[in-house]
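I opened the file and kept short notes on what I looked up. The entries follow in the order in which I made them.

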Amino acid sequence: MARPLRLEFPGALYHVTSRGDRREPIYEGDADRHAFLRTLDEVCDTYNWVCHAYCLMGNHYHLVIETPEGNLSKGMRQLNGVYTQTFNRLHCRVGHVFQGRYKAILVEKEGYLLELARYVVLNPVRAGIVKTPLEWLWSSYRATLGYPASLDALRTDWLLSTFAGRRAEAVERYRAFVAAGVNQTSPWESLRNQVYLGSEAFVSEMQEHVAGDEVLSEVPSRQRRAPAKPLGYFAQAAGSRDEAISLAYASGGYSMQSIGDFFGLHYSRVSRIIRKAKDKT
C-alpha cells in the first residue's frame, strides 16, 4: 500500500490521529495523559503550532492542529517519539507505543473546522465512556467553556469568535452546538480522496500543490509575498530586539529558526517572543 500523502505548507490545518501499537492503550493512567499533554505543549511551542481542539482516548488521540510554518511531520516525530520514550520509562518497557505512522487529514478551515472540533470532543460520548463531554477531563471541551486549561497551547478564540463577539454568549452557543452534534452524521462522510476534508474548490486548490507523493513545504502561490527585507534591516529599524523579531517573522520571509540564528537565540525562545507579541495585539 502506498504511503499516505504528506502535504505541508504554512497555515495548513489538520486533523491528526495516532493509535496504539496492536490497538493497545497508549495511556495507562492520568500520569500518562498529563505527560502526553506536557509533550504536546512543548511541541506546539517549539514548532509554533496552534491547537484548536484535542481529545485523548484509550488507545488513540485526536488533534486539530494548525501549522503556521508548514512543519507537521517534524513536530509529529517529536510528539510521538518523546512520548514513547516517556511512556516506556514510566512503565519500564521498550518498543513501540504507536502503530506505524500517524494519520493526517488536511482540513478547510472555513466551513469545516467547527464541525471537526465538535466531532473530536464528542468522541468519549459516542464511545459510551461518558454521557456528556463535560465529564471527560481529557479533551479541549472544558477549556473552551472556560474551565482551567490542561494544555497551554490550546487556542479557543477563533473557534468561539465564530459564534458571537462576546465570550459569554459565544460559550453558550458553542455548548449548544456541541450538544446538538451527538446524533449528527460524522464529518468523515465529506472526506475526499481519503486526505481532504473540504469543498471541491479546496481540494482542487490543494491538488495544485501535489506532485506525485512529494512532500511540499513551499508557501502556496496565493500566500507568497514580496521578498522580505534583510534581517539586519529589522534589527536597526525596530525599537527593541523582540520587536525586530516580531516584524521579521510577520514579513513572511523568515522561519523562526533563521531568525533565531541571526539573533543568537534558540528556536523555542523566538517562538515565545512571537507568541507574546501576538497576545498583545
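**Entry 1: ground rules.** I count helices (H or I, at least four residues) and strands (E, at least two) as DSSP runs, numbered from the N terminus. The model is predicted, so I note that local features need pLDDT of at least 70 and side-chain atom pairs pLDDT 80 or more, whereas totals for chains, interfaces and linings use all residues. Residues are numbered from 1 along each chain as its sequence is written, and side-chain values use heavy atoms, with hydrogens and water left out.

**Entry 2: a strand residue.** I looked up Ile 105 and found it in strand S4, residues 103-107. Is Ile 105 buried or exposed? Its relative accessible area is 2%, so Ile 105 is buried; buried means under 20%, exposed over 50%, and partly exposed in between, with a 1.4 Å probe and protein chains only. I then listed its contacts (heavy atoms within 4.5 Å). Leaving out residues up to four places away in sequence, Ile 105 touches Leu 13, Tyr 14, His 15, Trp 188, Leu 191, Gln 194, Val 195, Tyr 196 and Leu 197. I also checked Thr 17: its C-alpha is 8.9 Å from that of Ile 105, although 88 residues separate the two in sequence.

**Entry 3: the whole chain.** I counted 12 helices and 6 strands. The chain has 281 residues, and 48% of them count as buried. Among contacts with a separation of 6 or more, 69% are between residues 24 or more positions apart.

**Entry 4: aromatic rings.** How many aromatic pairs does the structure hold? I found 13 aromatic pairs. Rings of Phe, Tyr and Trp (its six-membered ring) pair if their centres lie within 6.5 Å; planes under 30 degrees apart count as stacked, over 60 as edge-to-face and the rest as tilted. Phe 36 and Tyr 83 form an edge-to-face pair, because their planes stand at 80 degrees, with the ring centres 5.4 Å apart. This pair links distant parts of the chain, since Phe 36 is in helix H1 and Tyr 83 in helix H2 (residues 72-90), 47 residues apart. Phe 36 is buried at 0% relative accessibility, and Tyr 83 is buried at 0% as well.

I looked next at Tyr 141 and Tyr 174. Their ring centres are 5.7 Å apart and their planes at 35 degrees, so I noted the pair as tilted. Tyr 141 is in helix H5 (residues 141-145) and Tyr 174 in helix H7 (residues 167-179), so the pair ties together parts 33 residues apart in sequence. Both tyrosines, Tyr 141 and Tyr 174, are buried.

**Entry 5: a ring cluster.** Which residues do ring pairs link into a cluster? I wrote down Tyr 27, Phe 36, Tyr 61, Tyr 83, Phe 87 and Phe 98. Tyr 27 sits in the loop between strand S1 (12-19) and H1, and it is buried at a relative accessible area of 4%. Its contacts beyond four places in sequence include Phe 36, Tyr 61, Tyr 83 and Phe 87.

**Entry 6: positive phi.** I noted Arg 22, which has a positive phi of about 55 degrees although it is not a glycine. Arg 22 lies in the loop between S1 and H1 and is exposed at 59% relative accessibility. Cys 92 also has a positive phi, near 55 degrees, and is not a glycine. Cys 92 is in the loop between H2 and S4 and is exposed, with a relative accessible area of 73%.

Entry 7: I looked up Asp 45, which is in helix H1 (residues 30-47). Asp 45 is buried, with a relative accessible area of 15%. Beyond its neighbours within four places in sequence, I found it in contact with Ser 268, Ser 271, Arg 272 and Arg 275. The side chains of Asp 45 and Arg 272 make a polar contact of 3.4 Å (a pair of N or O atoms within 3.5 Å; within protein, one must be able to donate a hydrogen and the other to accept it, and residues adjacent in sequence count only if both atoms are side-chain atoms).
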